[in-house]
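Here are some notes to read alongside the model. Keep the viewer open and check each point as you go.

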Amino acid sequence: NRAIVLKQRPQGEIQEGDLAMEARPVRAPGEGEVVAQVLWLSLDPYMRPRMNDAKGYMDPIGIDEVIVGESVARVVESRSDKLKVGDLVTCYSGWQEYVTFPADAPMVYKIHQKNNVPLQTYLGVAGMPGRTGYCGLMYVGKPKAGDTVVVSAASGPVGTVVGQTAKQEGCRVVGVAGGPEKCRFVTDELGFDACVDYKAGNLEDDLKAACPDGIDIYFENVGGAVTKAVAPLLNPGARVPICGYVSAYNAKDMSEVETPFQILKALDPVPEHRFFLVTEWQDRHQEITQILADRVASGELKYRETIAEGLDSAIDAFKGMLKGRNFGKQLVHIAD
Ligand code: NDP
């Protein structure tokens with residue numbers, strides 16, 4: 001078994017020597033446990049803050065520990081009657097090829113694969129990021145028909161689901177993404193009403209032009225300059241679900257970065273806003289996964305993905321994702 005472990009805490013962007021591939025023996029399963037082979041590994045922005053020493057909403061990864069992460073895995077050995085050899089699950093395996101865990105561990109879910117929904121989609125728009133976008137929009141954003149909804153990181157798995165769900169709710173949807181190719185995808189393929197390229201150098205004016213009636217919901221994924229451009233356009237009664245702020249994740253000291261909370265609290269009136277975690281709706285995991293998988297199966301939920309091949313490519317792919325080199329959900333394909 002090979003695993004990618006944290007050797008030292010990155011100072012800013014991940015550098016050579018911060019993470020390393022190591023051989024780690026596969027632990028023999030005890031009673032009630034299984035061994036699973038990782039087929040697809042999900043790379044997600046939250047992994048970067050967890051490499052820091054500061055305690056956020058989750059504990060930091062320890063030095064010499066395997067980097068955290070969710071995967072699609074196949075059971076290859078079982079000492080449990082809950083999972084049998086050949087079963088496919090999503091589980092928090094970390095960045096490694098094999099993992100041993102109790103079959104009834106929290107966050108282990110058997111995949112009920114729909115006909116034409118590819119397995120890795122259960123890590124993307126029909127997985128954790130998809131549920132994040134869906135729940136954050138519906139239960140924190142509370143969309144009403146006719147609202148103008150702006151979502152940043154629009155071409156990624158969270159943004160993709162937010163925008164397409166908001167369209168179904170009868171909203172006018174404006175994405176924010178980096179570069180003309182991503183913006184074209186967001187409007188032409190995902191069906192958003194407009195998409196602003198925040199890298200084009202005219203963010204404030206372009207956003208204003210795209211939102212002639214102001215903004216009723218801003219779904220926050222990135223923070224920083226985008227939040228500042230959004231702030232003056234928020235209508236009275238606006239809601240801001242704060243999902244993440246990826247522009248700060250590579251900061252040397254995240255506590256020194258101006259947060260979306262600070263930017264929003266300085267407004268008059270202060271818009272309704274709160275940080276939420278997808279796990280708030282953990283009891284509805286299966287139900288919401290089903291809703292999203294059905295939409296993928298029927299073709300109404302569209303998405304894009306970027307696939308890195310082999311565990312060796314994970315570090316580079318992860319570094320790239322934090323800079324927007326990914327186009328859609330970033331995955332690592334490890335085995336068939
Ligand atoms: P994405 O696949 O969208 O990847 C991150 C994207 O962020 C990049 O592709 C890039 O897109 C954009 N980005 C990077 N740096 C900047 C910057 N400086 N300014 C603006 N955009 C930037 O990620 P996800 O869809 O998986 O996640 C989106 C957000 O959701 C993240 O903040 C993540 O932490 C959060 N999240 C929160 C959860 C929760 O429970 N609260 C759960 C899951 C995700 P581009 O090229 O367009 O710039």
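1. Which of the 30 residues around the ligand come nearest? They are Gly156, Gly178, Gly244, Ser247 and Gly324. Here a residue is near a molecule or strand if its C-beta atom, placed from the backbone, lies within 6 Å of it.

2. Before going on, remember that this is a predicted model: local features need pLDDT of at least 70, side-chain atom pairs count only at pLDDT 80 or more, and totals for chains, interfaces and linings use all residues. Residue numbers start from 1 along each chain, as its sequence is written. The mean pLDDT of the chain (the predictor's confidence in each residue, from 0 to 100) is 97, and 100% of the residues reach 70 or more. For the complex, the predictor gives an ipTM of 0.99 and a pTM of 0.97.

3. Back to the ligand. The shell around it divides into 16 nonpolar, 12 polar and two charged residues. Nonpolar means Ala, Val, Leu, Ile, Met, Phe, Trp, Tyr, Cys and Pro; charged means Asp, Glu, Lys and Arg; the others, Gly among them, count as polar. Helices H1 (128-141), H2 (157-168) and H5 (224-230) each supply at least two shell residues, and H2 gives the most, with three. Helices (H or I, at least four residues) and strands (E, at least two) are DSSP runs, numbered from the N terminus.

4. Now find the open sheet of six strands, in the order S10-S9-S8-S11-S12-S13, with parallel pairing. Two strands pair if DSSP finds at least two bridges between them. S10 (194-197) and S13 (272-275) are the edge strands, each pairing on one side only. From one strand to the next, the twist averages 15°.

5. Zoom in on S8 (residues 148-152) and S11 (residues 215-219): they run parallel and are joined by three bridges. Val151 stands opposite Phe219 in S11. Helix H3 (residues 180-189) packs on the sheet, touching S9 (172-177) and S10, and its direction makes about 170° with that of S10. Helix H4 (residues 203-210) also touches S9 and S10, at about 175° to the direction of S10. Contact means C-beta atoms, placed from the backbone, within 7 Å; axes are lines fitted to C-alpha atoms, for helices over the stretch in contact, and angles run from 0 to 180 degrees between N-to-C directions.

6. Two loop details deserve a look. The peptide bond from Asp268 to Pro269 is cis, with omega near 0°, and Pro269 lies in the loop between helix H6 (260-265) and S13. Met107, in the loop between S6 (98-102) and S7 (109-110), has phi near 70°, a positive value in a residue other than glycine.

Key
Contact = placed C-beta atoms within 7 Å.
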